[in-house]
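Trainee: Before I use a structural label in my notes, I'd like to hear what backs it up. Can we go through a few together?

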Amino acid sequence: MMTIPVIPASGAVSPGEMDRVLTWCAHERFTGLLTFESSVGEVSLPMRGGALDLGLDPSLVEVAESLRRAPAGRYTLTEALPPLEGASAMHPLRREGRLGPATFADLLRWCEDVALTGTVHLSVTRPEARSHVFSFVRGGLASVELESWSERDLSEVFALDEGVFVVRLTSRFGATTPSQMPPADDARARRDDLRAVRLGLEGILRKRDAASSGRWRCGSADAAPVARPSLAPVPPESAVVVYVLDPASLAARKAPPSDRTERLDAIVLPAPARPAWIAACVLGFLCVVAAGFGIAAGVDLLRS
C-alpha cells in the first residue's frame, strides 16, 4: 500500500507542490474547504469525501487543474461538514437535529457520502429511552454501540424515523468542538457491561440500504455528481464490532450519585405523644362528663 505523507492544516508550497496536497485530500477523503493563496490571487475549493464538490460549481474541475500548475503560495485546509437538511450548524465539525421524514439509515448514508471520521449519536424515547453510537473512519462504518438492544434488532435502529442525532467530525488537525459525548456515568462508558459481537459488514449495509428512504443523498438529480478521488479509499474491513448492552446488567446497576441531585433538609416530625399524657387527657374528659351529669341531676332534684 502506498504511504501518503501527513501534511499540516496549512503551509507554504513550491511551484507544482499543490498536487501533493490534492493527493493527500483524496487519500484521506478530506471534507471541507481547500484555500490556496499566491501572487496571482486566491482560490477556494469545496471538497466532499476527498473530491471536488461539483454539485456547487461544475467549473471547479478547471480550477483544480490550474492548481497543479500553480506558482509558489500557501494552502489552508479548513475541516467542515457540509450542510444537512433540517440540521443545525452551530459548529463546522458538528451537525445536530431530528429525524423525520428521513430515517436513521439516510443519516448514515450521508455520513458515508461525506467520508465522516467521527461518531454519530442517536437518542430515542420510544418505545423506551435508548442511546446508540455509530463510529466511522473515512466514511466506513467501524463500530456500533447499542444500548439495551440485541444485535438482531439492528435493522430496527436503521428504520427509525424519530429521534435526536448528533454528528461529530473528528479533526485530523486537533481542532475541538463542544463535547456532545454522554456523561461519564453513562452505560456506554462501562465496557464491562457491553457484549461485543462481530457482524459481517455486507449484511449490515444491506439492512441499512433496505431501511433508507433515499433522502440526504449526495447531490440531487439535476446536479453534477461529485468528482471521485483519484486515489481509491482504503476498503473497510469485512466485519464490524457491535457492542450490545445487556439489559439485565443495566437493571441491576445502581445509579451513581450525581452532583445535580437536589439536597433537601431533614424533615423534623413532632415528638409522639406519651402514653401518660394520653391517659390523663382521657381521665379528665370522663371527669368533665360525670360532673355534667351530676349538675344536671342536682338541678332536676331542686325543681322537684
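**Rings, sheet and core**

Mentor: Let's start with the rings: there are 4 aromatic pairs in this structure. Rings of Phe, Tyr and Trp (its six-membered ring) pair if their centres lie within 6.5 Å; planes under 30 degrees apart count as stacked, over 60 as edge-to-face and the rest as tilted.

Trainee: What makes the pair of Phe-104 and Phe-134 edge-to-face?

Mentor: Their centres are 5.0 Å apart and their planes sit at 65°, so the pair is edge-to-face. Phe-104 belongs to helix H3 (residues 104-113) and Phe-134 to strand S9 (residues 130-137), so this pair ties together parts 30 residues apart in sequence. Helices (H or I, at least four residues) and strands (E, at least two) are DSSP runs, numbered from the N terminus.

Trainee: Why does Phe-104 count as buried?

Mentor: Buried means under 20% relative accessible area, exposed over 50%, partly exposed in between (1.4 Å probe, protein chains only). Phe-104 has 0% relative accessibility, so it counts as buried. Phe-134 is buried too, at 0% relative accessibility.

Trainee: And what is the pair of Phe-134 and Phe-158 called?

Mentor: That aromatic pair is tilted, with 6.1 Å centre to centre and 45° between the planes. It links distant parts of the chain, as Phe-134 is in strand S9 and Phe-158 in helix H4 (residues 154-158), 24 residues apart. Phe-158 has a relative accessible area of 1%, so it is buried. Elsewhere, Trp-24, Phe-30 and Phe-173 make one aromatic cluster.

Trainee: Where do these numbers come from?

Mentor: From a predicted model, where local features need pLDDT of at least 70 and side-chain atom pairs count only at pLDDT 80 or more, while totals for chains, interfaces and linings use all residues. Residues are numbered from 1 along each chain as its sequence is written, and side-chain values use heavy atoms, with hydrogens and water left out.

Trainee: How do you know that S2 and S3 pair?

Mentor: Two strands pair if DSSP finds at least two bridges between them. S2 and S3 have 7 bridges, in the antiparallel sense.

Trainee: What about S3 and S4?

Mentor: They run antiparallel and are joined by 2 bridges, and Arg-48 has Ala-51 in S4 as its bridge partner. In their hairpin, with 2 residues between the strands, Gly-49 takes a positive phi near 65°.

Trainee: What makes S1 and S4 edge strands?

Mentor: The open sheet has 5 strands in the order S1-S5-S2-S3-S4, with antiparallel pairing. Strand S1 (10-13) and S4 each pair on one side only.

Trainee: Which residues of helix H2 are buried?

Mentor: In H2 (residues 60-68), they are Leu-60, Ala-64 and Leu-67. They span an arc of only 55° around the axis, which puts them on the same side of H2; the arc is that of the directions from the helix axis to the C-beta atoms. An α-helix has 3.6 residues a turn, so residues three or four places apart point the same way. Their cover includes helix H1 (18-28), strand S2 (32-38), strand S3 (41-48) and strand S4 (51-52).

Trainee: Why is Thr-117 called buried?

Mentor: Thr-117 has a relative accessible area of 18%, so it falls on the buried side of the cut-off. Thr-117 lies in the loop between H3 and strand S8 (118-124). Contact means heavy atoms within 4.5 Å, and leaving out residues up to four places away in sequence, Thr-117 touches several residues, including Phe-136, Arg-168 and Leu-169.

Trainee: How does the whole chain look?

Mentor: The protein chain comes to 7 helices and 13 strands, and 40% of its 304 residues are buried. Of the contacts with a separation of 6 or more, 70% are between residues 24 or more positions apart.
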